[in-house]
Amino acid sequence: MELVQLAYMGGFGFAAIACFASVHRVSRVSDTDTQRGLSTLLVLNGIWALTHIGRVSPVSTTGQIGFYLVGLIVGLATVGAWLYFCSAYTGHDYHRRPWIRRTAVSVYLGIVFVKLTNPIHGMYFDTTITTQPFTYVVVELDTIHWIVTGFSYALASVGFYLIYEMLDNSGADTRVLSAVVATTALPIVFYVSSLTDTSRLITLHYEPIGIAVFAIGVLFVVDEKFAATPQFWRTQIIDDIDEVIVVTDNRGYIRDYNQQASEVFPILDGAKGRLLAKTLPDLGRVVAGESNIVTICDQDGDAVRYFHVTKTILTRINTDVGQAIVCTDVTSTEQQRRELKKKNEQLEYKNEQLDKFANAITHELRNTLTIAEGYLKEISAQRAEINRASGSEAVESIEEAHHRMERIVTNLAKLASTNSEPGETEVCSLAMIVEAASDHIDPDEISIYVDEDMTIEVDRALFTELYITAVQFAELYGADNITVGAREGIITITTDGKSIPTEALDDVFSYGEAAPSAETGMLFPTMETIARSHGWSVDIDPTYRDGVRIEICDVETLSKINSSDIS
């Protein structure tokens with residue numbers, strides 16, 4: 001037996017032993033389909049390597065041709081096992097699709113039939129005997145063989161494409177693993193070289209040796225990297241899950257998403273490889289831990305759907321490789337929760353109002369009754385000596401105290417009846433509201449001017465109440481003129497006369513405080529309550545010292561109108 005012949009038998013024997021010995025290591029791979037594909041690939045490749053030993057061994061011509069035919073059949077099946085493994089390892093589902101399976105089996109059986117019937121048609125291969133570099137059967141390839149060989153290499157290249165695409169997108173250092181995968185394709189170079197006249201290689205398929213090196217490399221040398229690198233973000237089940245799923249790597253880059261995610265987040269289309277935090281900032285903030293609810297809004301910015309977000313860390317062989325972000329639609333539950341929260345806040349506000357009412361009643365009514373009681377005692381003590389003038393003055397004071405009590409009761413009733421939510425809004429001009437409220441104002445007591453008219457969108461009844469309360473303050477505080485103005489988002493009601501002392505500004509909105517005077521103590525809290533029910537706020541401009549400037553803020557102002565004068 002020639003030394004070269006022994007070298008060939010030893011090389012393919014090594015390939016067979018390496019493949020069979022590597023099968024037990026396949027269990028280190030967690031994915032069942034990948035295990036199945038790789039195990040089948042190794043077993044078939046080991047058998048293919050054994051047929052090569054038979055081809056170069058010193059057996060009869062018929063025996064070598066028999067080994068060659070078996071090798072053709074097993075070698076073609078190895079291509080199928082390679083594609084199955086590549087599809088499963090890279091996370092695709094091509095190997096599970098029924099039509100692909102049926103087509104593959106049909107094509108395989110057809111080619112096997114052509115190979116087995118070669119002695120009849122002679123269109124696949126012919127054989128001759130050579131003695132160089134040792135005696136063996138030389139296979140002369142015919143047209144159908146070249147077609148099948150080209151087809152097989154084309155299919156095998158699809159598997160290489162899937163693997164290298166995965167390695168490129170993995171974001172990990174896969175240089176060693178890439179080199180190991182490349183060794184699988186290196187024997188193709190030897191096979192093509194053996195077809196030339198200048199090569200000293202005999203014409204054989206050297207792929208079994210390449211696959212054996214691949215098996216040793218991925219299962220013994222870089223086994224952890226091999227198990228951790230697969231494209232974990234593309235599995236055959238995420239599209240079957242009803243929830244929205246977005247998968248990122250451990251650096252926050254989007255690696256995959258399912259159909260439901262693309263429907264909820266259309267911006268995900270083509271977003272693979274981009275940072276989640278930049279592509280979907282709201283979801284990115286939730287993932288970062290700011291909350292567990294992400295809100296989806298329409299084009300107008302109105303919330304339309306709510307999703308509860310959960311995160312699952314994805315690991316391979318104790319290595320964190322990313323996370324799966326699962327968004328569950330909780331719109332109905334979240335809307336109910338928010339509505340309940342809103343009602344609770346309204347209830348708390350109402351309770352706060354009631355407490356303030358109690359303080360106001362205690363303070364204001366007792367003060368007023370104390371004044372009336374004092375004058376009554378004076379009248380009683382001086383009944384005999386009282387003259388008409390002083391008696392008239394005392395009676396007027398009592399009468400004024402009772403009027404004040406009536407105003408307090410009216411204001412309290414107004415506060416109690418103020419709804420926590422505004423009614424229907426309408427668009428109207430500021431001047432129209434001022435004019436409509438003129439029936440509640442004595443024109444002989446105060447003059448009103450509209451300096452800057454503007455159309456506003458408000459609950460007209462609420463705003464009128466607020467305006468009348470402000471005018472009531474101006475009358476009681478001694479003002480002669482009121483100027484009503486507007487600018488974007490703010491309505492101003494400015495009085496002449498005295499200003500509110502700076503030290504009293506902090507107390508004017510507090511119930512039970514006689515600020516800025518005993519007569520007006522209830523009015524600013526009333527204005528604030530009415531304003532809050534509409535989402536507005538009421539402030540006093542502390543810089544205006546030629547009177548009092550009341551600012552009603554956050555009003556929906558639309559457009560300016562030429563000014564008018566109402567008195």
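Start in the loop between strand E14 (548-553) and strand E15 (556-561): select Asp-554, which sits there. This is a predicted model. Asp-554 is not a glycine, yet its phi is positive, at about 70 degrees. Most residues other than glycine have a negative phi. Color by accessibility and Asp-554 shows as exposed, at 55% relative accessible area.

Now select Cys-553. Its relative accessibility is 13%, so Cys-553 counts as buried. Jump to Cys-19. Cys-19 is buried too, with a relative accessible area of 0%. How many disulfides are there? With sulfur pairs required to lie within 2.5 Å, the count is 0.

Select Ile-456, Phe-463, Tyr-467, Ile-491, Ile-500, Phe-524 and Ile-550. These have the most contacts inside the largest nonpolar core, a set of 46 residues. Which helix gives this core its largest share? Show residues 460-476: that is helix H16, and it supplies 9 residues.

Keep Phe-524 on screen and display its neighbors. Leaving out residues up to four places away in sequence, Phe-524 touches Phe-473, Ile-500, Val-508, Phe-509, Pro-516, Ile-540 and Ile-550.

Last stop: Pro-133. Look in the loop between strand E1 (125-130) and strand E2 (136-141). The peptide bond joining Gln-132 and Pro-133 is cis, with omega about -5 degrees. Most peptide bonds are trans.

Terms used:
Residues numbered from 1 in each chain as written. Predicted model: local features only at pLDDT ≥ 70, side-chain atom pairs only at ≥ 80, totals over all residues. Heavy atoms only, no water. Buried < 20%, exposed > 50% of the residue type's maximum accessible area, 1.4 Å probe, protein only. Core = buried A, V, L, I, M, F, W, Y, C linked by side-chain atoms within 4.5 Å. Helix = DSSP H or I, 4+ residues; strand = E, 2+ residues; numbered from the N terminus. Contact = heavy atoms within 4.5 Å.
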